[in-house]
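Biologist: I should like to go through this model term by term. For each label, please set the value against its cut-off and then conclude.

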Amino acid sequence: MARILTLTLNPALDLTVQLGQLRVGEVNRSDAMLTHAAGKGLNVAQVLADLGHELTVSGFLGLDNPQAFDALFAARGFVDAFIRVPGETRSNIKLAEADGCITDVNGPGLVISDADQQRLFERLEHLAPGFDAVVVAGSLPRGVSPQWLQRLLAMLKAHGLHVALDSSGQALRAGLEAGPWLVKPNTEELTDALGVPVDSVAEQADAARRLRAQGIEHVVISQGADGVNWFSAQGTWHAQPPKVTVASTVGAGDSLLAGMLHGLLSAHAPAQTLRTATAIAAMAVTQIGFGITDTAHLERLASGVTVRDLTEQ
């Protein structure tokens, strides 16, 4: 299996509050409360670990509250290459209603100094040559500019790594300019980054052609319950997931990205890659937390995924 580095520049402690229905402005009583060490890169890493890959995780962590992250790294066998910085890693609150609706209240995150950014850049420049791929996922903490992210992606790419990017807003716009190997926006994120609508397959295909001209080999566009479209030089495919009971949509996109990376690095056929990745994402929405918890259930979900070649239509 592959050696993969994931970067989570703005991790979080996710407090998921499960309740029947959120009543705004009233006293609400929860059914359960769960805390996870999270952040998009770490979520991806957990799924990739379950798929058998060797993971190193990096980014910025606060010195004042590392316990949940240290426990996760130890439990998962992750190699820890995080830079510790002053302060507390942010907390995010996820209000998960019984019908699957999620309300997010995200903390502002750490403020990262120029010196700490340089420390991480130098650490990654030293580590990068030993990996098959790197995943850069999530938002930017305060103090880190989109231009710094673009420079980081260019450095990782210059080391010959397959760079997968999953971000939004200014970070996604700057990241696209670096020409990563793979990007996985949803339709809203890609519309915002490109300034054009990408609702239809034709609009998405036009956007993908623009991105491939910038050196991006794989454009994976997630559409929630409407499935996934994957555009590459080898073809264009759509996957439709099976219907499932939704517990939480948190981590679904991260799970999809992990499944895509797994299939591509394992040289699986396109249909198999997209089917498995879509099934992993479908499994993610049925649970609170991250990872592949039941391989038999995953196989059943995969058998319910419909994959079709859009170039044949």
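Modeller: Let us begin with burial: buried means under 20% relative accessible area, exposed over 50%, and partly exposed in between, with a 1.4 Å probe and protein chains only. Helices (H or I, at least four residues) and strands (E, at least two) are DSSP runs, numbered from the N terminus. The model is predicted, so local features need pLDDT of at least 70 and side-chain atom pairs count only at pLDDT 80 or more, while totals for chains, interfaces and linings use all residues. Residues are numbered from 1 along each chain as its sequence is written, and side-chain values use heavy atoms, with hydrogens and water left out.

Biologist: Which residues of α3 are buried?

Modeller: They are D116, Q117, L120, F121 and L124.

Biologist: How do you know that the buried residues of α3 line one face of the helix?

Modeller: The arc is that of the directions from the helix axis to the C-beta atoms. Seen down the axis of α3, the buried residues fall within an arc of 140°, so they line one face. On the other side, D114, A115 and H126 are exposed.

Biologist: What covers the buried residues of α3?

Modeller: The cover includes β1 (3–8), β4 (54–62), β6 (83–85) and α4 (146–158), where contact means heavy atoms within 4.5 Å.

Biologist: Why is α3 called roughly parallel to α4?

Modeller: Axes are lines fitted to C-alpha atoms, for helices over the stretch in contact, and angles run from 0 to 180 degrees between N-to-C directions. Angles under 35 degrees count as roughly parallel, over 145 as roughly antiparallel, 65 to 115 as roughly perpendicular and the rest as oblique. The two helices pack at an angle of about 15°, with their axes 10 Å apart. That makes α3 roughly parallel to α4. On the α3 side the contact is made by Q117, Q118, L120, F121, L124 and E125, and on the α4 side by W148, R151, L152 and M155.

Biologist: What is the handedness of the crossing of α3 and α4?

Modeller: A crossing is left-handed if the near helix is turned anticlockwise from the far one by less than a right angle, and right-handed if clockwise. The crossing of α3 and α4 is right-handed, and that of α4 and α5 is right-handed.

Biologist: At what angle do α4 and α5 pack?

Modeller: They pack at about 35°, with axes 8 Å apart. In α4, P146, L149, Q150 and L153 meet Q170, A171, A174, G175 and E177 of α5.

Biologist: How do you know that the span of α9 agrees with expectation?

Modeller: The expected span is 1.5 Å times one less than the number of residues. The 15 residues of α9 (residues 270–284) should span 21 Å, and the end C-alpha atoms are 21 Å apart, which agrees. Among the buried residues of α9 are T273, L274 and M283.

Biologist: What makes A267 count as exposed?

Modeller: A267 has 67% relative accessibility and therefore counts as exposed. This residue lies in the loop between α8 and α9. A267 also has a positive phi of about 60° although it is not a glycine. Most residues other than glycine have a negative phi.

Biologist: Why is T187 called buried?

Modeller: The relative accessibility of T187 is 19%, so T187 counts as buried. T187 is in helix α6 (residues 187–194). Leaving aside neighbours within four places in sequence, T187 is in contact with V198, Q204, I221, S222 and Q223.
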